[in-house]
Amino acid sequence: MSDIAIELRGIDKSFGLVHANKNINLTVRKGTIHGIIGENGAGKSTLMSILYGFYQADSGDILVGGNRVTIKDPNAAISSGIGMVHQHFMLVENFTVLENVMLGAEDSQILNTSISKARVELKRLEKEYALEVNPDALIEELPVGLQQRVEILKALYRKADILILDEPTGVLTPPEADHLFRILGQLKDQGKTIIFITHKLREIMAITDEVSVMRRGEMVATRKTKDTSVEELAELMVGRRVLLRVDKGEANPGAVKLAVENLTVRDSRGVTMVDNVSFTLRAGEIVGIAGVAGNGQSELLEAISGIRRAVSGTVLLNGKPIDVTGHADPGDLRNRGLAHVPEDRHHVGLVLKFDEAENGILGYHNDKRYLNGVFLDTKAIQADAEEKIRKYDIRPPNPRLKTANFSGGNQQKIVLAREMERGPDVLIIGQPTRGVDVGAIEFIHKRIIEMRDQGKAVLLVSVELDEIRALSDRIIVMFAGRVVGEREPDATEGELGLLMAGVEGRKEAAE
Amino acid sequence: MEFFDTIVAILESTIRVSVPLIFAALAGLFTERAGVFDIGLEGKMLGAAFAAGAVAAVTGSVLMGLLAAILISVLLSLVHGYASITQRGSQIVSGVAINFIVAGSTVILGEAWFRQGGRTPALDADARFQTVTFPFADAVKDVPIFGPIYSNLLSGHFILTYVAFLLVPFSWWVLYRTRFGLRLRAVGENPGAVDTAGISVIWLRYRAVICCGILCGFAGAYLSLAMSAGFVKGMTAGKGYIALAALIFAKWRPVNIMMACLLFGFLDALAIRLQGNPLPFIGQVPVQLMQALPYILTVILLAGFIGKAVPPKAGGVPYVKER
Amino acid sequence: MSNPYAKLPAWAEYGLIPLVNLVVAFLVAGLVVLLVGENPLNAAYHMINGAFGRGEYIGFTLYYATTFIFTGLSVAVAFHAGLFNIGSEGQAYIGGIGVALACLWLDKTMPWFVVFPLAIVGSAAFGALWAFLPGWLQAKRGSHVVITTIMFNFIASSLMVYLLTRVLKPLGSMAPQTRTFEAGGQLPKLDWLLSVFGLEVGNAPFNVSFLLALLAAFGVWVLIWRTKLGYEMRTMGFSPSAARYAGMKEARITVIVMMISGGLAGLMALNPIMGEQFRMQLDFVQGAGFVGIAVALMGRSHPAGIIPAAILFGMLYQGGAEIAFEMPSISRDMIVIIQGLVILFAGALENMFRPAIGRGFATFGRRFPVAAERGA
């Protein structure tokens, strides 16, 4: 009887020319929480998808409990006792909790009998692991924390002994995350093995027993958590010392450029996403909006930039109102000096099938300098693109290349170049460094600060608290659509974390 | 009383013309709830009607005709499945293609095999479906109100007619009360959830597409073996598209589908009834207007009330494993 | 991800793959010919001979091609904006009203070169009108353009039967058609164009609307790749959310694109009405709107692809008539099958042979950059 739950030997996986996993070896001991840490794109998710049978490795062996197994699909993983909680929940939104838990593990053709069995089993699991959730609630009506609980229940219902959690805290408030950690602790005490994937060092230090570090598709080290430090792990992750601070001088806030008053926005289902929000943004300052993803930041940005209709409230740009509840038009707002780097560059900020030059005019295609009457001035567009490529060091420097063929960082630079080079009065930026390589992050941060120093007003939304703290001159915290506090950038992470959790969040955590 | 008889007569023909719509719309229900859109209902129905007419004419057996209809329709469904599930092609384009392939092939093959100008030979009574007469239907015929309703409206239809109406609750039961139905609805909403639960998305969708083929087979067999005595070229005449509209109009729900099909059938029956007869107050209505009315109404209905109809979330989108 | 397939050189992407798809479609059509007991090679011979064997045949082939260039462009323009216009058939049919009205009004008093421009405007206007409603309904009421255009085809068909049997038919005539136009309503043939190549146009109705079709093709190219509207259309077609972000008016573009698409379909009516029959007959479109779908898919929605695709279908129509004459068991419905097969293989199954072709290239030792970064 071995005390090893999972052993991976020489796992190798390529997608085309991208070598996602290079000769990976990993040993996970039974009854432990094993962290896997690495930057975005380091190959963590690919590795776990191989373990869960979502992809097949090109070569290498998987051993579960000391026996070599072939995991050709998730079914094989499930029968080997492996369960997975995905980063994007794999739930059917208009099904109940019970139906979701059962799906794929029903024990008869007719649902009635399956349902009653599942109900009993679910009750037992709830008791055993303190994972309470109403079995008849619809998923779409549950908060994300509870949805995640359903995912865990799904795995346990399938009798998983080994649980993989892929970036489980990305969508959680700090108290919700703490609650998750307590649940994981309990599961460990019951003898379950947990593989915990994250790119957040704090979480690794808080709950894991052992930690493995991945970098650019390779497994670079495995340490006992108690024998390592945040600094060592950070260095292993990035391969060099991380820049913990961005160099920037004092801000010189000037006139109010953007004033948001009592703004309320609902989503397509009629749920209030932004609730009576007010704040101001001055020339020459960066205001960061902190918050867990999904607390109204996205809708706030969309309403200000004219993409989404607000229900009520006013927004003043340079002292003049934007018709946010009626006919606010993104094109018109651009002319008035508002530039917007959207959160989702793949679907919003760029058209991936366009070439670089074509994306360089997206949103500015009405500008006379790109047009001859109703015709496009292709020469001017080309020249403009070449200039931006030089200035922003976009690689490869080919304005005719399809945007899909640029790396994440270079794609983001295409968007930034387009929005910044206009010299807007107000720049709104959502998730400036999501899915961007380290080198580009530094460049992007520098550019944002330069914009501020040129006297532009910058509104920054990011789910990366470190980024908010490093760049902002003031920090506004949003929770459940409301502004719950404003802090100076030297506020501690703990203080901000509590705010991000909101009052309700704290209550829930105390239960 | 004459008015009442007219109503009964119109309702009776409403039922008659609704049946292929119900089969076809339920067929669409199964595939679209699984996330595979299908505008090829028309083609499958036509192919099935041809197969039924041809095989029944050759074998003299109505059952063989029905089986052939189902076989051909399922084969066409599998082509659609292969294009849209396995090859991840456009589901609309694939549906359009199938409609044309069938429209051409039924004429070419029919002419080559039977040489009757695109028809299959007229079928004998044995090779067709017969109407079913309920007990005492003749006896109670003259009882006021109840009589005509029982003997004309309820009794005297083809067996397939009763099958169609029984399929409505049966489809509901399959979709909402069986494991297959649960998984089928799940795969139309979030195929990722189905995949990670260890169920094959592809095989599940193929099964849904096969269900669609079977039901379209019934629809086609009804046309050439019950409603008519043989296949006539282009005999579906847009019924597949009307069924599609009914499916959308019914917001992808079985009981609503029956109601929508009955409504469209009623419009059709009314149009036939009103041909050449002046309407009170309005006067003579051009026959072309009456023929176009179902389509016009569908457009109006689509524009006015369909706004909130939410199609299955993963509908029309081929499943690609997310990375 | 954004591009799951290996990148191929342009000539393979735009030449080899469509060609392979086309060949497979024809091979399957050959099977159908076998099934009805004829020799597919003979059929192919009759078809090619019937389409290109004589100047007159070529004239017919190009006459049909003219029609398909218009409908192919119609479908393609909508494709670029992410709209699937299945209604080109009905729009072409209604477009005929514009042609007929211009001719009936002026054919006795004016020469063709005065009537023609008016007929162009008329056909485009009526076609655009018929596409306006489905476009508007999608833009404002959210009813899907695919479904509404299908319905509008049926409505157009009823409307035209009504008009031709009651309104536009000359008194005392039984046939559902307008009167025959005088000289002003008849387009000159392009005999001189064929005679440049030493060919006789004979009875073929190959006429000046072919030049209009080429002009329209060039116009569509300019529209899509060289104008602001085209840029907006393509943005919308690739990514509606990016179009919204860029401040493009989705509703307005949808309506305009549908009207352009309908206008192009309407132009198709010029060719048979003023170029061949010199009157408007019942069902003169004869499925050309649907052929447009196949042509657009085969030509990858690019005018440079649409023109050869339209000529290919012209060949099928003209050569198909020859096959029907030589082989009585193969009627012109064979073309409908081929059309369906082309839509299937060039459209829904367009990627079926791509992996194999990609591997073929890879084994020949060439290297292709793999598309897109992979986030893990």
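Start by selecting Ala246(B): beyond its neighbours within four places in sequence, this residue is in contact with Leu21(B), Ala25(B), Ile257(B), Ala260(B), Cys261(B) and Phe264(B). Contact here asks that the C-beta atoms of two residues, placed from the backbone, lie within 7 Å.

Before you move on, a word on what is on screen. This is a predicted model, in which local features need pLDDT of at least 70 and side-chain atom pairs count only at pLDDT 80 or more, while totals for chains, interfaces and linings use all residues. Residues are numbered from 1 along each chain as its sequence is written, and chains are lettered from A, with ligands numbered from 1, in the order in which they are written.

**The core around Ala246(B)**

Phe23(B) and Ala246(B) have the most contacts inside the largest nonpolar core, a set of 387 residues. Such a core joins buried Ala, Val, Leu, Ile, Met, Phe, Trp, Tyr and Cys residues through C-beta atoms within 7 Å. Buried means 20 or more other C-beta atoms within 10 Å of the residue's own, exposed means 12 or fewer, and partly exposed lies in between, with C-beta atoms placed from the backbone. Which helix gives the most to this core? Colour helix H3 (residues 55-80) of chain C, which supplies 16 residues. Helices (H or I, at least four residues) and strands (E, at least two) are DSSP runs, numbered from the N terminus.

**Chain B as a whole**

Along the principal axes, the C-alpha trace of chain B spans about 70 × 45 × 40 Å. Of its 323 residues, 54% are buried.

Next, select the spans that UniProt, in an unreviewed entry, marks as "transmembrane region": residues 7-30, 50-80, 92-114, 154-175, 206-225 and 288-306 of chain B. UniProt positions follow the numbering used here, with shortened feature names, and annotations may be inferred rather than shown by experiment. Look at two of these spans. Residues 50-80 of chain B are 94% helix and 0% strand, with end C-alpha atoms 19 Å apart. Residues 154-175 of chain B are 82% helix and 9% strand, and here the end C-alpha atoms are 27 Å apart.

**An enclosed helix**

Zoom in on helix H7 (residues 179-189) of chain B. Eight of its 11 residues are buried, so H7(B) is largely enclosed by the rest of the structure. Among the buried residues are Arg183(B), Arg185(B) and Glu189(B). What covers them? The cover of the buried residues of H7(B) includes helix H3 (97-102) and H4 of chain A, along with H1 (2-33), H6 (159-177), H8 (191-196) and H9 (201-227) of chain B.

**Where the chains meet**

Bring chain A back: 22 of its residues are in contact with 17 residues of chain B. Helix H2 (74-79) and helix H4 (111-129) of chain A each supply at least two residues of that side, and H2(A) gives the largest share, three residues.

Switch to chain C, where 45 residues meet 38 residues of chain B. By class, this side of chain C has 29 nonpolar, 12 polar and four charged residues. Ala, Val, Leu, Ile, Met, Phe, Trp, Tyr, Cys and Pro count as nonpolar, Asp, Glu, Lys and Arg as charged, and the others, Gly among them, as polar.

**Last stop: chain A**

Chain A holds 17 helices and 22 strands. Colour domain 1 (4-238) and domain 2 (256-351 + 425-510) of chain A separately; these bounds come from an automatic or database domain assignment. Their centres, taken over C-alpha atoms, are 32 Å apart.

Finally, select the loop between helix H13 (378-391) and helix H14 (408-420) of chain A, where Pro396(A) lies. A cis peptide bond joins Arg395(A) and Pro396(A), with omega about -5°. Asp393(A) is in this loop too, and has a positive phi of about 50° although it is not a glycine. With 13 other C-beta atoms within 10 Å, Asp393(A) is partly exposed.
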